[in-house]
Structure formats: C-alpha cells, structure tokens
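This briefing is for a reader new to the structure. The overall picture comes after a few notes on terms, followed by points grouped by topic.

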Amino acid sequence: MNILVCISHVPDTTTKIKFSPDNKELDKQGVQFVIGPYDDFALARAVELKEQIPGSKVTALNVGKAETEPTIRKALAIGADDAIRVNAHPGDSLFVATQIHEVIKNGEYDLVMMGRETSDYNTGAVHGMVAEMLGWPGLSPVMKLEINGSSVSLQREIEGGHEDIETQLPLVAGCQEPIAEWKIPNMRGIMSARTKPLEVREPVPSDAKVKSGSYELPSERSECRMIDPENVGELVDLLKSEAKVI
Amino acid sequence: MGVLVFVETENGAPKGSALEAVSFGKAIADMVGGENVALVLGSMDGSGGDSLGSAGADKVLHDPNQEYDKGLIAPTSSAISQAVEASGADHVVFSKSSLSDSVAARVSIKIGASLATNLVSVPQKAGDGFQVRRSIFTGKAIENAEVSGDKVVFSIKKGAVEVQGGGGAQNPETVSYSISDSDLKANIIGSHKAEGDVLLPEADIVVSGGRGMKGPENWGMIEDLAKSLGAATGCSKPVSDMGWRPHHEHVGQTGVKVGPNLYVAVGISGAIQHLAGVNSSKVIVVINKDPEAPFFKAADYGVVGDAFEIVPKFTEALKGAN
C-alpha cells in the first residue's frame, strides 16, 4: 500500500505571532517551524500502518520553497520512505490542493493523509478539495483509522461525539488526535533521513484566488479584575451588570 | 445571481451558527443582488421556516430526505451543488463546523468557486471580488485578504455577524436532490453522541476544567456550574489526553475552538495552545489557585483560590441570583 502524507510547514504552536512593521508579512525572527501538529498525527499513523502492512511505503509531500526542507527531513526521520517538495509558495488552499492532486494523479497512492487543518490558516479545506478533484471519498476529522485489505474502518469526530465509518480505499483522510501518538525521531532515523530521496518538482499553473493584504493582531484584553475568593457573589453581580453575559 | 446558505440543524432546528450564516447571506445578497436562499437538508421541525425567515432568508428550500441527517460529507456536498445550480446562486455561505470544513471545500471545487474561510465579519465588495477579514493562526491574528472570482464560497466563524431579527416567516419549499452511488462510499455503522447536552462549538457559555480538578471523579462540580449557567462543558488537552474527559470536549489549538460570550476556566493554567482555542470568547473568567497562572493575563475576571471551594460557591451564588 502506498500512503501519501501531506505536511505543512508552520510556526510551532507555542509561537507568539508577530508581523513585520508594515504588517505585510509574518515576522519569522526567532520562530521555529515544525510539521503542522495535525499533519504530525497523520504522519505518525501512516508510519504505524506501514509497519503493520508488509510492502507499504510512505511518501511525504510538502508544497513550499526550499526553506521547508528541514521540516521535510524531519518527516523522513520520523519514518517516511521518501519525499516530494513542490517548489512553490503555498498561495491558498486551492493552489495547494491543485499541486497535491497533480502529485496523486502522477503516482499510485491508495491512501492520502493530512491534518484536518493547518495551524497557520486553519482553512480545513485542502483534504476536501483534493478528494473532490479525485472523485474519492474524503473524511475528516478522523480520530482512528484501521486498514484491512482494501477496507477502511475509521472513527470521525462529530460535534458532541463521534461516529464509526466503514469505507474502501482509495481515501483521503483529514486526521487529528488521538489517531496516533506523535513520533519523536530517534538518532538512526535522523541519520537515515539525510540520504532518503527528496524529489523537487515544479508546480503546475494555478492562480491563488485569495490574496493576502495585511495582518493585524487582535485587540488586547483589558486588565484582569481580581475578585475576593470570599465574595464570589460579586463575580455573579459583575457578570450580570457589567459584562452582561448572564 | 443571489446567495445560497447551507443551514445545519440540531435536533430538527437550525443551529444558532446557521442563523448567523443566514444573516450573513442577507448582507451579501444586499451587495450582489438576488435572493438570499436558505437550504435545509434532512429533518426539520415546523418552526424552522420562521427562524430562518426572521434571520433574513428570502426563501427556504427543504429536502426532507433523512439520509442527510447522517451528516455525510459527499451526499451533502452534492445536494448543495445541485441547489446552487437550480437557484443560479453565485455566492454560497457556510457556518464553520467539522462537517462544513469538508463540504465547503468540495462545493467550491464542484461549482468552480473561490473559497474564503474563517471570516470574522461581513466582507466589503472590492472591484470584482471582496475584501475579507479572516481569523488565522488559530485566532492569534487577523488577515485582511482579497478574494477574487465570479463565484465565492464563504465560511464564517461563530460571532461574525449578529443574527438579524425581523424578517418575515418563510414557508419552506420542498425539494428533492439526487444522491448518487458514488456519494455513498462511506457508511456510518455506529454513532455515539451525548444526548441533551449543549453543543460545545455552538454554546454561548462554556465551563472548562483542567488538571487542577485532580481527577474525573470531581467533574460533577464542573457539570453543576455548567448547568446553573446553561453552559456546555469543556476541558484542557491534558485532561482529554489522560482520558478524564472525551476528546470532543478538548478546547484548544488541536481541539475545539470556541467563541462563547462567557468562558469559565477552572484549574487551567492557560498554556498558549489552550488560549488559542478560547481567544475569541467575549468574556473570560479564570479560577485558579496559582496567582501566577498565565491564564489571568488573558482573563477579564479572576479568582485566586481552591477550585473545590470556589466552584460550589459560584454555583450557589448563581442559583441565588436567579
């Protein structure tokens, strides 16, 4: 079985987001870039599936400029067998989905996995777009995924619970925890990642329909008002009369 | 011309976020011309047309086929595309949910539309497209972006618009869309849903507990407080990781993002990943025994003290006040 795992290259989730003085771009100073946290779950599960199913292979795919290669190498260190980088700035969801679709069309993949969303733009749209372009079933957010031959059993989160689903390969899955535990690369993985194949392809033409103009930070909250723990009634009064939320 | 709004229902009634989407659709229809049409798939009780009309729908389409109650991505996407084609709408509106993320994406491809997600306000018309404001980095920032294209699919965040009251009730028009075999490749074999609880992403008030609650056996206190506020319950990531509470209650960067009017955090220190899931809340109350807990910096009201003493007192005070 061939699994394609699409990974994003995003600021670590603990990053305090800042922008350049003209608010036109992200201030990358001191920012550590990582595999998107949801994509990391997808990758971990893909590597587990590879270990369970003989003859399987995991390919990591990223749409990004050369700066994303350390992130791709990390995916190889975690257990992907090879990687593809589509050499382009990931303009918008449609652009990225178009590039992923192109890679799948030119390959032989049975299962395409990625995070339910990226943690930078949070669109949650790429897996749905790719599935639609392929005419495959696409499911998200997937919390459990088991493969038995060409049958797939999975669990999808719904608001207030979850549902169990059965379907067939090929499939696109948008993943989230607890599908697998994040894997931390070991020394052998890191060493072998250096020599695993990382192919660079040029993008197919596609126009981003959403273009970034400027960024801003949300307005700061006013100072926290401390309430005497012996007088919680005051909190109730304030929520009613001052904040007017109850 | 015109706008089509996909209305998600819960127990047969339009969800609060869907009414926001209808009011958003009305604002778009006022800009681009044409009707604001609300589409309901699956079971809907009799009063649905009243609330949708009041929120700004010029027309309500309803396909009562119960197959849609399953909330499956592919059949829902197909039905919406058929409705778009039949109505001639060139703008489609969704309220963000775990279902609509996938559905909006599929619909945008099916109808060849641009997709603008996570909008936090009504956009402005700009040339051939729109100037939109959208939430990025899980609520840590806002982007002003331009969306081009003759057709646009919008997905809005909770609270992007106030529901406009005052529109006339609408009598739903019954329609029937086809479901092809290729839309039915995924079969639901079991569904597990907490009954009767307030849905976390929809809730106006949320009460969450963290590691400070010391164990799942102490959650009764959180539930009592939630009940007295009419709130949904949530939890921090460690709490769901340890299995004290189910994953669908995990609030934060990699869990549910909430935007209630009031968020009450009990025994949660306020790691940046948790804050990312709650930062669009209007008012935040933090109860924590550690005065240095970072959450106080992101809170509007704080109480330093033992949750096991404060929470029952809070619940009592609320009962006394009602």
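Two strands pair if DSSP finds at least two bridges between them; helices (H or I, at least four residues) and strands (E, at least two) are DSSP runs, numbered from the N terminus. This is a predicted model, in which local features need pLDDT of at least 70 and side-chain atom pairs count only at pLDDT 80 or more, while totals for chains, interfaces and linings use all residues. Residues are numbered from 1 along each chain as its sequence is written, chains are lettered from A and ligands numbered from 1 in the order in which they are written, and side-chain values use heavy atoms, with hydrogens and water left out.

**Chain B overall**
- Chain B contains eight helices and 18 strands.
- Its radius of gyration (over C-alpha atoms) is 21 Å, close to the 20 Å from the globule rule (2.2 Å times the number of residues to the power 0.38) for 322 residues, so chain B is as compact as a globular protein of that length.
- Along the principal axes, the C-alpha atoms of chain B fill a box of roughly 60 × 45 × 40 Å.
- Of the 322 residues in chain B, 59% are buried, where buried means under 20% relative accessible area (1.4 Å probe, protein chains only).
- Contact means heavy atoms within 4.5 Å; among contacts in chain B between residues at least 6 apart in sequence, 64% join residues at least 24 apart.

**Strand β16 of chain B**
- All five residues of β16(B), residues 262-266, are buried.
- Leu262(B), Val264(B) and Val266(B) point one way from the strand, and Tyr263(B) and Ala265(B) the other way.
- β14(B) (residues 205-209) pairs with β16(B) in the parallel sense over five bridges, and Val206(B) stands opposite Tyr263(B).
- β17(B) (residues 283-288) also runs parallel to β16(B), joined by five bridges, with Ala265(B) opposite Val286(B).

**Nonpolar cores**
- A nonpolar core is a set of buried Ala, Val, Leu, Ile, Met, Phe, Trp, Tyr and Cys residues joined through side-chain atoms within 4.5 Å.
- The largest has 91 residues, and Leu145(A) and Ile80(B) touch the most other members.
- A second, separate core of 33 residues includes Leu235(A), Val207(B), Leu262(B) and Val285(B).

**Helix α3 of chain A**
- 11 of the 13 residues of α3(A) are buried, so this helix is largely enclosed by the rest of the structure.
- The buried residues include Phe95(A), Ile100(A) and His101(A).

How values were computed: Buried < 20%, exposed > 50% of the residue type's maximum accessible area, 1.4 Å probe, protein only.
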